[in-house]
Amino acid sequence: MLNAIVEQGTPGVIAQVKDARGTAGTAGTAGSGERWNGRAGVRDLTTGQPRTAHERFRVASVTKPFTATVLLRLEAMGELSLNDSVEKWLPGVVRGEDYRPRNITVRHLLNHTSGIFDYNMDEGFRAQYAGGEFDKNRLHRWTPEDLVSIALAHPANFQPEQGSRPGRPGKWDYSDTNYILAGMIIEKVTGRSYKKAVERLVIKPLKLRGTTVPELSPKVPGPHARHYSTLFDESPDAKVRDVTEFSPTVAFAAGELISTVGDVNTFMSELLSGRLLPEAQQRELLDAVHVDGDKGHGGPDDVYGLGIRHFKLKEGCWAWGHGGMVPGSATRTVATPDGRQVLTMNRNGDWGEQALEDAAVEAEFCKS
């Protein structure tokens, strides 16, 4: 499956499987103990160097389960409640047509039932990163308030009381704005930066040595592959550009983290095993709502918890995880409910059929 992804045109892809038996994977790749590493293609189109499983990359929206975990740990510490309103922590921030911030809770943000417009869907914003415009804007520093303002210039998609509930389907819309606001709440509650909160509550306890919160730095720490993008050009002859360096402020708590397949596997394994959160918060994490449509790196039959999605891979085969894409990097992490089997994969290109990535996940989790 990894070879098929590269044959379709992706420069390179890496994957790591962690399982309880240490027997995942087969021909042509190296494994030891409980981990199996797979790779295909190159890390650099100029030098032709092959990709390796130790590389760092932008994990994009796989940042969201990290952000949700920080808020859940803060709740466990008594610092806030998921039922707190956005207005309580960010007074005056959410203002605009049809928005009622006293009715929008932290929980609504984390499971995408707030109805707040997704700033990434704003045509003017997207145009700043399309084609040749990317180089003009790649180092632009956005504040979280800037990104929220772009979203609030649009009316609400729906009111939170219309949102999907566990066991009761309703409206749902995957919105990066939700996680920008979540990051702002983390900073307000802790009195420290989002970076410090993620380091203190997730990265350091789990010893994730390859994981960083870049804040303002446009660079990806080495070792890393070059990140390549067609920048929203879907034509067959789209120009492939090196987009490795750009300001991560464009994604903040919705998608700025940099990590490795091994670190993401460790995080997902610890999270789903219940070793990272107390029992009450673990139940909240997995108390999932029905999605409405297929937005957000999944399918219409999925359900979504707090920063984590339950993917229907095929009939009778489900797994928890998340997907993410930023210019030049596409990541998927998927795990069994007990966290004992987990797969994380990364492509250093943001084009190609989603079906091939899905097939790679199915090859690991839907064998029988």
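Modeller: Let us begin with helix α2 (residues 63-76) and α9, whose axes come within 10 Å and cross at roughly 90°. Please bear in mind that this is a predicted model.

Biologist: Are α2 and α9 roughly parallel or roughly perpendicular?

Modeller: The axes of α2 and α9 cross at roughly 90°. Angles of 65 to 115 degrees count as roughly perpendicular. The relation of α2 to α9 is therefore roughly perpendicular.

Biologist: Which residues of α9 make the contact with α2, and how do the residues of that contact divide by class?

Modeller: On the side of α2, the contact is made by Thr63, Phe66, Thr67, Thr69, Val70, Arg73 and Leu74. Those of α9 are Tyr194, Ala197, Val198, Arg200, Leu201, Val202 and Pro205. By class, the contact of α2 with α9 divides into 9 nonpolar, 3 polar and 2 charged residues.

Biologist: At what angle do helix α8 and helix α9 pack?

Modeller: Two packed helices are described by the angle between their axes and the distance between the axes. Helix α8 covers residues 176-190 and helix α9 residues 194-206, and their axes are 9 Å apart. The two helices are roughly perpendicular to each other, and the angle is about 80°.

Biologist: Which residues of α9 does α8 meet?

Modeller: From α8, the residues in contact are Gly183, Ile186, Glu187 and Thr190. By class, the contact of α8 with α9 has 3 nonpolar, 2 polar and 2 charged residues.

Biologist: Which element gives the most to the lining of the largest pocket?

Modeller: The largest pocket holds about 1300 Å³ of space and is lined by 42 residues, with Arg126, Phe232, Met325, Val326 and Asp350 nearest its centre. Two elements give two or more residues to this lining, α5 (123-127) and β11. By class the lining has 19 nonpolar, 13 polar and 10 charged residues. With 5 residues, the element that gives the most is β11.

Biologist: What is the volume of the largest cavity?

Modeller: The structure holds 1 cavity of 30 Å³ or more. Arg58, Phe246, Pro248, Ala251, Gly255, Glu256 and Val326 line the largest cavity, and these divide into 4 nonpolar, 1 polar and 2 charged residues. Its volume is about 40 Å³.

Biologist: Is the disulfide of Cys317 and Cys366 left-handed or right-handed?

Modeller: A search of the whole structure finds 1 disulfide, formed by Cys317 and Cys366 with their sulfur atoms 2.0 Å apart. Cys317 lies in strand β11 (residues 317-326) and Cys366 in the segment after α12 (354-365), so the pair ties together parts that are 49 residues apart in sequence. The torsion about the S-S bond is about -85°, so the disulfide is left-handed.

Biologist: Is the peptide bond from Gly222 to Pro223 cis or trans?

Modeller: Most residues other than glycine have a negative phi, and most peptide bonds are trans. Pro223 has its place in the loop between α9 and β5 (228-229). With omega near -5°, the peptide bond from Gly222 to Pro223 is cis.

Biologist: What is the value of phi of Glu215?

Modeller: Glu215 lies in the loop between α9 and β5. It is a residue other than glycine, yet its phi is positive. The value of phi of Glu215 is near 55°.

Key. Residues numbered from 1 in each chain as written. Predicted model: local features only at pLDDT ≥ 70, side-chain atom pairs only at ≥ 80, totals over all residues. Heavy atoms only, no water. 1 Å grid on protein atoms, 1.4 Å probe; cavity = no way out; pocket = protein on both sides within 12 Å on 5 of 7 lines; lining within 4 Å. Points joined across faces, edges and corners; volume = space filled by probe spheres on them. Nonpolar A, V, L, I, M, F, W, Y, C, P; charged D, E, K, R; others polar. Axes fitted to C-alpha atoms, helices over the stretch in contact; angles between N-to-C directions. Helix = DSSP H or I, 4+ residues; strand = E, 2+ residues; numbered from the N terminus. Parallel < 35°, antiparallel > 145°, perpendicular 65-115°, else oblique. Contact = heavy atoms within 4.5 Å. Disulfide = S-S within 2.5 Å.
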